[in-house]
Amino acid sequence: MATGGRLDRLGTLIGAIIAVGALLPFASLRANRIVQGEGVAFWQALPVAQSGLLLAALCVAVIGGLLLRSRSLRLVSSLGALAALLILMGQAGNHLTPADNDLARVSPASGFWVLLFGLSLAVADALTRLNLLPVWRIFGVFLTAAALVALLGSGQWDALSVMKEYDVRAATFWREAQRHLMLAFGSLLAAVVVGVPLGIVCFRLPRVRATVLNLLNIVQTIPSIAVFGLLIAPLAWLAANIPGAAASGISGIGAAPALVALFAYSLLPVVSNTLLGLENVPARLREAAFGMGMTRWQTLSSVEAPLAFPVILTGIRIVLVQNIGLATIAGLIGGGGFGVFVFQGMGQTATDLILLGALPTVLLATASAVLLDAAVELSEGPGTRSARP
């Protein structure tokens with residue numbers, strides 16, 4: 001199982017990251033939610049037995065990354081250390097919070113985040129080496145989601161300040177979560193409905209292609225905050241002057257300009273990937289389809305579209321991950337979403353409130369990327385791959 005005396009290079013780097021994380025403050029203890037916290041090392045933040053358990057788990061993960069050749073054992077050692085880190089972080093909240101003190105706050109400090117990064121890197125490295133089939137990667141995403149729900153539902157993290165922020169705002173959190181999903185997926189759906197036919201038009205009509213792509217490239221270069229702001233005036237004019245516009249939800253601020261801005265940013269990846277997918281279809285297959293008497297529509301629907309689908313799906317993956325992140329900015333113009341907590345936290349210098357908005361955004365984007373990566377691979381059947389040049 002060992003690598004014959006040779007140290008794994010990436011394992012060495014991950015081991016160094018974990019070692020640095022172990023020496024940094026593990027948790028931060030504050031008198032209340034907005035004052036500066038005091039860093040506490042993990043051996044001070046946990047009871048002796050639990051700090052020893054965490055140290056042992058980290059050592060096993062480092063040694064596994066350095067020496068083990070077995071991919072499965074590398075995954076087990078890194079996953080075990082990651083699980084121990086997450087569970088014991090909650091225990092640190094219980095251990096450090098003074099009894100009968102509702103104002104004190106315990107939150108993860110720099111050491112925890114560095115350890116989380118290092119162990120996540122170790123898990124990702126082990127999964128990459130295992131080269132799991134797409135269905136197993138999809139199963140892994142749902143299994144991870146179930147594990148996180150079980151951890152949060154068990155009350156292990158209830159003493160941490162980010163969960164205290166959640167307890168106060170639970171109803172608002174889920175309302176903004178629905179708004180965030182609506183903005184990200186709604187703009188993606190609109191971009192697919194418009195962008196895929198536009199990509200087909202660009203493929204069929206080369207004269208239109210340059211104009212459309214240049215226009216979309218210009219939109220893509222405008223800073224996102226500027227686009228959100230520039231849409232306020234025209235949408236407010238539409239709401240005030242077009243009968244029924246305001247009743248349908250169009251307004252200068254709120255979800256409408258956010259949805260339009262996300263749609264505008266989504267068009268370029270969808271159009272360009274549709275065009276690229278169609279261009280990659282071998283000419284011999286197209287000529288064979290025409291030779292068999294197929295019409296242009298039949299050739300598109302039966303030959304070109306199936307072969308171009310994996311590339312189009314890759315564009316949809318880019319758009320979805322991008323929109324989940326960009327939807328956070330909608331909170332600046334009253335569009336809702338997780339950005340509401342991020343900007344409230346920045347205004348109140350409350351780090352835990354920022355985390356309440358940032359963490360679900362990161363988790364949602366990561367899960368979407370893994371699921372759509374697997375979907376892209378599943379869509380590339382043997383016939384599709386063999387037909388490509």
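What volume does the largest cavity have?

1. The largest cavity has a volume of about 70 Å³, where a cavity is a set of points on a 1 Å grid over the protein atoms alone at which a 1.4 Å probe fits but cannot get out, the volume being the space filled by probe spheres set on points joined across faces, edges and corners. The count of cavities of 30 Å³ or more comes to one. Its lining residues, defined as having an atom within 4 Å of a point, include Ile-14, Arg-74, Ser-77, Ser-78 and Asp-125.

2. This is a predicted model, in which local features need pLDDT of at least 70 and side-chain atom pairs count only at pLDDT 80 or more, whereas totals for chains, interfaces and linings use all residues. Residues are numbered from 1 along each chain as its sequence is written, and side-chain values use heavy atoms, with hydrogens and water left out.

3. The domain assignment (automatic or from a database) gives domain 1 as 9–131 and domain 2 as 167–379, and their centres, taken over C-alpha atoms, are separated by 36 Å.

4. Between them the two domains bury about 480 Å², of which 44% lies on carbon and sulfur atoms; buried area is the accessible area (1.4 Å probe) lost on putting the two parts together, summed over both. In domain 1, Arg-33, Ile-34 and Trp-113 lose the most area to domain 2, together 74% of what that side buries.

5. Domain 1 and domain 2 share one salt bridge, a term that requires a side-chain nitrogen of Lys or Arg within 4 Å of a carboxyl oxygen of Asp or Glu. Asp-352 forms a salt bridge with Arg-30, with the closest N and O atoms 2.4 Å apart.

How values were computed: On a 1 Å grid over the protein atoms alone, a cavity is a set of points where a 1.4 Å probe fits but cannot get out, and a pocket is an open set with protein on both sides within 12 Å along at least five of seven lines; lining residues have an atom within 4 Å of a point.
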